[in-house]
Amino acid sequence: MKILVIGGGGREHAIIWALKKSKRVDKVYCCPGNAGIAAMADCVDIEVDNVKALIDFVKYEWIDCTIVGPEVPLCAGIVDTFEKEGLKIFGPNHKAAQLECSKAFSKDFMRRHGIPTADYKVFSSSILAEEYVRIKGTPIVVKADGLAAGKGVVVAGTSDEAVSAIRLIMNDRAFGAAGDRVVIEDCIEGEEASFMAFTDGKTIIPMVSSQDHKRVFDNDTGPNTGGMGAYSPAPVITPDMEKVVMEKVMKPVVHYLAKEGIIYKGILYAGLMIKDGKPYVLEFNCRLGDPETQAVLMRLETELIDIIFGVIEGNLDKVKVEWSNRHSVTVVLASGGYPGKFEKDKPITGLDKIMPLKDVVVFHAGTGYKDNSIVTAGGRVCAVSALGRNVKDALDKAYSAIKLIHFDNMHYRKDIAHRAVTLKPE
Ligand SMILES: Nc1ncnc2c1ncn2[C@@H]1O[C@H](COP(=O)(O)OP(=O)(O)O)[C@@H](O)[C@H]1O
Ligand SMILES: [Mg+2]
């Protein structure tokens with residue numbers, strides 16, 4: 001069977017790596033892909049939101065199924081368009097994807113159905129939003145309603161910070177129409193975790209838990225990034241907590257969406273804050289997280305393609321999803337300067353030395369080819385993922401492998417999984 005994966009980051013590399021474990025998968029295409037993906041799939045230079053060109057390509061190549069990695073095409077309704085053409089595609093449709101594409105929609109939905117989340121108000125006037133901040137006090141969280149590539153949220157410690165965020169989003173329109181409305185919500189202090197699940201709109205199968213590391217520097221300092229590393233399992237999601245999240249969050253979401261006429265199919269991702277032993281939803285994503293996917297898929301033992309078809313065909317209840325009980329870690333190697341300005345086209349060496357290592361995989365993100373060698377092409381360049389008998393073992397494997405890789409100004413966090421290591425000393 002022929003599969004197309006849409007996207008070109010570490011998440012998509014991990015998806016393709018997992019797909020290729022199956023004998024049923026004969027050929028994988030990726031639009032647009034990256035240098036690492038090119039070693040295991042045919043990369044085709046079509047942008048992720050060029051739905052018309054993607055459909056033409058899928059028809060021309062007789063592709064059996066398309067898997068959408070990033071949120072932008074999902075929010076643009078790529079699934080609806082493919083389905084209208086009779087093409088198989090994995091991901092939520094336009095209405096279902098609103099859970100991620102509009103934070104106001106998702107907060108209102110949670111409030112309607114009693115799903116635990118911070119108290120909030122939605123504004124379409126910056127003056128009223130600013131007034132609300134002054135009444136509410138700080139800390140307070142300001143969020144652009146729409147997609148902002150992870151840059152539309154400010155956790156404000158002072159009213160001035162909150163007011164600047166509101167003005168940046170609504171008046172300066174830093175994120176365009178995504179800032180037509182803002183959500184202002186109470187700040188919840190606790191520990192974050194990512195909870196991802198597969199669902200066909202009836203059955204929900206949770207993935208193993210994971211935790212991302214958003215800040216660029218060790219000890220969670222410095223500016224926010226797309227994610228500097230991840231690990232799985234995350235100790236904060238205990239088996240009891242998993243049950244609570246399933247009962248209070250995941251099942252109600254899928255159930256009440258269906259009651260509102262929306263069948264959610266694909267990945268449902270809840271960004272959680274765990275406070276005093278209770279989960280609160282910070283946001284939903286309608287796709288896999290990056291870099292959590294790299295850590296989580298390292299532990300998947302069932303063939304990913306079987307789960308994907310279970311979701312698309314609505315018989316996920318027939319699929320038994322199994323996970324390795326080993327621990328995984330993922331360490332992102334970033335370009336010097338990231339998440340600010342950085343240079344590209346730095347040759348990357350040592351990737352070949354990782355190939356023979358057991359339990360270690362490098363997933364590429366911002367990589368490309370220049371003069372026949374692999375060079376950096378983005379802020380997050382690649383992620384070294386490793387499996388181990390415990391978190392420390394996985395960390396040892398990942399960090400030893402990183403020593404073999406080099407590019408100019410490479411930087412990475414040295415404290416991935418620090419919460420797991422301090423919680424559970426080996
Ligand atoms: N209510 C909140 N209380 C405390 N921190 C929050 C809250 N909402 C969001 N955050 C922080 O801001 C980050 C980004 O917010 P999120 O809603 O996940 O938006 P996005 O991922 O779209 O940028 C979260 O990972 C979390 O660290
Ligand atoms: Mg988030």
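## Domains and ground rules

Domain bounds here come from an automatic or database domain assignment. For this chain, that assignment gives domain 1 (2-91), domain 2 (125-180), domain 3 (191-318) and domain 4 (327-423). Taken over C-alpha atoms, the centres of domain 2 and domain 3 are 26 Å apart.

You're looking at a predicted model, where local features need pLDDT of at least 70 and side-chain atom pairs count only at pLDDT 80 or more, while totals for chains, interfaces and linings use all residues. Residues are numbered from 1 along each chain as its sequence is written, chains are lettered from A and ligands numbered from 1 in the order in which they are written, and side-chain values use heavy atoms, with hydrogens and water left out.

## Around ligand 1

Let's start with the ligand. Of the 14 residues around ligand 1, the ones that come nearest are Lys-143, Glu-185, Ile-188, Glu-192 and Glu-283 (a residue is near if one of its heavy atoms lies within 4 Å). Sorted by class, this shell has 7 nonpolar, 1 polar and 6 charged residues; Ala, Val, Leu, Ile, Met, Phe, Trp, Tyr, Cys and Pro count as nonpolar, Asp, Glu, Lys and Arg as charged, and the others, Gly among them, as polar. Strands E7 (140-144), E8 (153-156), E9 (182-186) and E17 (278-285) each supply at least two shell residues. Strands (E, at least two residues) and helices (H or I, at least four) are DSSP runs, numbered from the N terminus. Why does ligand 1 lie between domain 2 and domain 3? Both domains give residues to the shell around ligand 1, so it lies between them.

Now for the polar contacts (pairs of N or O atoms within 3.5 Å; within protein, one must be able to donate a hydrogen and the other to accept it, and residues adjacent in sequence count only if both atoms are side-chain atoms). A nitrogen atom of ligand 1 is 2.7 Å from a polar side-chain atom of Glu-185. A nitrogen atom of ligand 1 is also 2.9 Å from a backbone N or O atom of Asp-186. On the oxygen side, an N or O atom in the side chain of Lys-103 lies 2.9 Å from an oxygen atom of ligand 1. Of the 540 Å² of accessible area that ligand 1 has on its own, the protein covers 84% (Shrake-Rupley method, 1.4 Å probe; for residues, only the protein chains shown count as cover).

## A pocket and a cavity

Rolling a probe the size of a water molecule over the atoms shows where empty space is left. On a 1 Å grid over the protein atoms alone, a cavity is a set of points where a 1.4 Å probe fits but cannot get out, a pocket is an open set with protein on both sides within 12 Å along at least five of seven lines, and lining residues have an atom within 4 Å of a point. Points are joined across faces, edges and corners, and a volume is the space filled by probe spheres set on them.

The second largest pocket holds about 380 Å³ of space. Its lining has 17 residues, with His-13, Leu-351, Met-355, Val-362 and His-364 nearest the centre. Helix H1 (10-19), helix H12 (351-354) and strand E19 (360-364) give two or more residues each to that lining, and E19 gives the most, with 4. Domain 1 and domain 4 each provide at least three lining residues. As for cavities, a search of the whole structure finds 3 of 30 Å³ or more. The largest cavity has about 60 Å³ of space, and its lining includes Ile-15, Phe-90 and Arg-287. Domain 1 and domain 3 both give residues to this lining, so the largest cavity lies between them.

Most residues other than glycine have a negative phi, and most peptide bonds are trans. Which peptide bond is cis with omega near -5°? The one from Cys-31 to Pro-32, and Pro-32 is found in strand E2 (residues 27-32). The bond from Ser-232 to Pro-233 is cis too, with omega near 0°; Pro-233 belongs to the loop between strand E15 (229-232) and helix H9 (239-259). Trp-62, although not a glycine, has a positive phi of about 55°, and Trp-62 is in the loop between helix H2 (51-60) and strand E4 (65-68).
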